[in-house]
Amino acid sequence: MTTVPKRRPAPRAGWWARTPKAPYLFILPYLLIFLTFWAWPIISSFLMSFKDSRLGATAPFGLANWSRLVQDEFFRTALRNTLVIMIIQVPLMLSLATVLAVALNSKLLRAAGWFRFAFFAPLVVGTVAYSAVFRLLFNTDFGMVNRALTGIGLPPVDWLNQSGPAMTVLVLAMTWRWTGYNAIILLAGLQGISEDVYEAASIDGATPTQQFWKITLPLLRPSLLFCLVLSVIGTLQLFTEPALITNSGPGNATMTLGTYLYQQGFRSFNFGYASAIAYTVAAIAAIFSVVQLRLFGRDE
Amino acid sequence: MTTTMQAPKEKAGVKARDRIRAFWLHLALIPLAALFLAPLWMMAVFSTHPESAIFSANPPLWFGGSFGENFRGLQADTNYLRALLNSVVIASLYTAFSMLLTSMGGYAFAKFDFPGKSWLFGLILATLTIPTFVTIIPQFIMIARDMKISNTYWAVILPTLANTIGIFYMRQAFQTVPTDLLNAARIDGASEWRTFWQIALPVVRPAMAALAILLFLASWNDYLWPLLVLTQKDSYTMPVALGTLIGLTRVSWGGIMVGTAIATLPFLALFLALQRHFVAGIAGGAVKD
């Protein structure tokens, strides 16, 4: 190392000669795909939302898609359904995931590997596969859920043909699928908390409940925030479950922003209008992310 | 002496209290765990029964003998074997190429200083919270109309090959590789590529295994994008083929459950065997520091 001379490169050597090439060559393949298939489409989609794609590429820019969006009754239904699912499902899932993570992290737990397997198994199941299973389990006449309900003396529910129950099925399905995923992230967060903090607390006589509220939750905040932001973005893009479990029905009772975007973009091929819907999703996601960071991410 | 006499007594008290707590913990967790496993159990059981049994007054809770029959029905309706082959090829190619791209990029961001580095990284960072929905329409137009490669493997693979999570993950991984190790290789005359390929990459192999599992699973289970660019039956991936069945009444639920079981059970087995990698991968891909 000492043999490397300290002198600057000769002034004649230009900018090109002085710039290292290797890092750029390493990044180039990633960057080409990134710019072509990800960064450019983000811009392109925005531009498209000002065009009427049904009139061809020559149609002038305008706000037609956006003014339609403001008045669109179906869009409002899709937005409301998506927000209702999000407001019910995300807190339900994250509280369950937090409790599960704490339980799975407990030293008192026997056969921890089996419990982890049970709760984490759903996260390797694809959305199409579990949508099929849930559609069958919640079948009104033959489903296992109604059999179980009547078995314990409760009336069966017409799950998929009523708006409230259909929404409930979606919430239950998503909770089943995603709780384990969030529990893993929270578990990793828990394992980052030093044992000493808990030891000090129990010497001071803090009960497990107090320790949970005063130590675990505050220290878990970065992980919870991460789960919250990801879950909100994920719910805003909800597509497979309403498409395959409830078929957006009954009527449009479980139509989401995702299924409406699909309908407009790939059934009606109204790309401009679908882009406007997509950008609304992005805007809502951005607003939620900022609010969540402000409310819960005070330290960082 | 009194203090030494008291210590074991208190320990016994703690032990008894812990035993009660452990009891309640298990009492709460066992039914919940059963509830989480129930849909998977029913999927496996239903895949071995004809539809008539699944929809009978007493639905089966244990395996039957109709798996083969259900599978033949499924294969006749969807060419499921072809769809599985497509899925395996697409997920493998996707994983291999995405790993290559993100590890090269992550390596550059972790181990080099170069003009424009923070600007480029900032650009990638800025797109992290943008929902994928925003890009699917331009991506679709590009793939289907401009490049005309619908129904090919590349149509499915290309758009998400340069995934953002991957490059962050690999950057994190390469930051743990000592720079002295790389410099030693360089002094010995290794080219930059050889330093990367033979020195740096083997060090981060465990991290790569976790990321590879996640990428493979994500590709294997992806539905919306393949649904858009695959329009011919023989090009369908497994989820798309399954999706076409679910709305229909003609196909037996036994067949659909065979399809879901085949798509799911190998991964459950793998998950059981490689739980550590899965858990580390998901946790590592999520939050660090």
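1. A helix here is a DSSP run of type H or I with at least four residues, a strand is a run of type E with at least two, and both are numbered from the N terminus. Welcome to the structure, which is a predicted model: local features need pLDDT of at least 70, side-chain atom pairs count only at pLDDT 80 or more, and totals for chains, interfaces and linings use all residues. Residues are numbered from 1 along each chain as its sequence is written, chains are lettered from A and ligands numbered from 1 in the order in which they are written, and side-chain values use heavy atoms, with hydrogens and water left out.

2. Chain A puts 86 residues into the contact and chain B puts in 92, where contact means heavy atoms within 4.5 Å. The size of an interface is often given as the accessible area lost when the parts come together. Between chain A and chain B the buried area is about 8,100 Å², with carbon and sulfur atoms giving 84% of that. On the chain A side, the residues that lose the most area to chain B are A:Phe26, A:Tyr30 and A:Phe37, together 11% of what that side buries. Buried area is the accessible area, taken with a 1.4 Å probe, that two parts lose on being put together, summed over both.

3. How many salt bridges are there between chain A and chain B? The count is zero, with a salt bridge taken as a side-chain nitrogen of Lys or Arg within 4 Å of a carboxyl oxygen of Asp or Glu.

4. From B:Phe196 to B:Ala108 is 88 residues in sequence, while their C-alpha atoms are 9.5 Å apart in space.

5. Next comes A:Thr240, in helix H12 (residues 240-246) of chain A. Is A:Thr240 buried or exposed? With a relative accessible area of 9%, A:Thr240 is buried.

6. Most residues other than glycine have a negative phi, and most peptide bonds are trans. A:Ser248, in the loop between H12 and H13 of chain A, has a positive phi of about 65 degrees although it is not a glycine. A:Ser248 counts as buried because its relative accessibility is 13%. A cis peptide bond, with omega about 0 degrees, joins A:Gly249 to A:Pro250, and A:Pro250 belongs to the loop between H12 and helix H13 (257-267) of chain A.

7. Further along, A:Phe269 has a positive phi near 50 degrees, and is a residue other than glycine. A:Phe269 lies in the loop between H13 and helix H14 (271-296) of chain A, and is partly exposed at 43% relative accessibility.

8. Now the open space. On a 1 Å grid over the protein atoms alone, a pocket is an open set of points with protein on both sides within 12 Å along at least five of seven lines, a cavity is a set where a 1.4 Å probe fits but cannot get out, and lining residues have an atom within 4 Å of a point. Points are joined across faces, edges and corners, and a volume is the space filled by probe spheres set on them.

9. The second largest pocket has a volume of about 1,300 Å³. Of the 28 residues that line this pocket, A:Ser106, A:Leu108, A:Pro208, A:Gln211 and B:Arg21 lie nearest its centre. Helices H4 (73-105), H9 (195-203) and H10 (208-219) of chain A and helix H1 (2-46) of chain B each supply at least two lining residues. H1(B) gives the largest share, six residues.

10. One cavity of 30 Å³ or more is present, and the largest cavity has a volume of about 50 Å³. Its lining includes B:Ser87, B:Trp220 and B:Asp222. The elements giving two or more residues are helix H4 (80-111) and helix H11 (205-221) of chain B.

Methods
Buried < 20%, exposed > 50% of the residue type's maximum accessible area, 1.4 Å probe, protein only.
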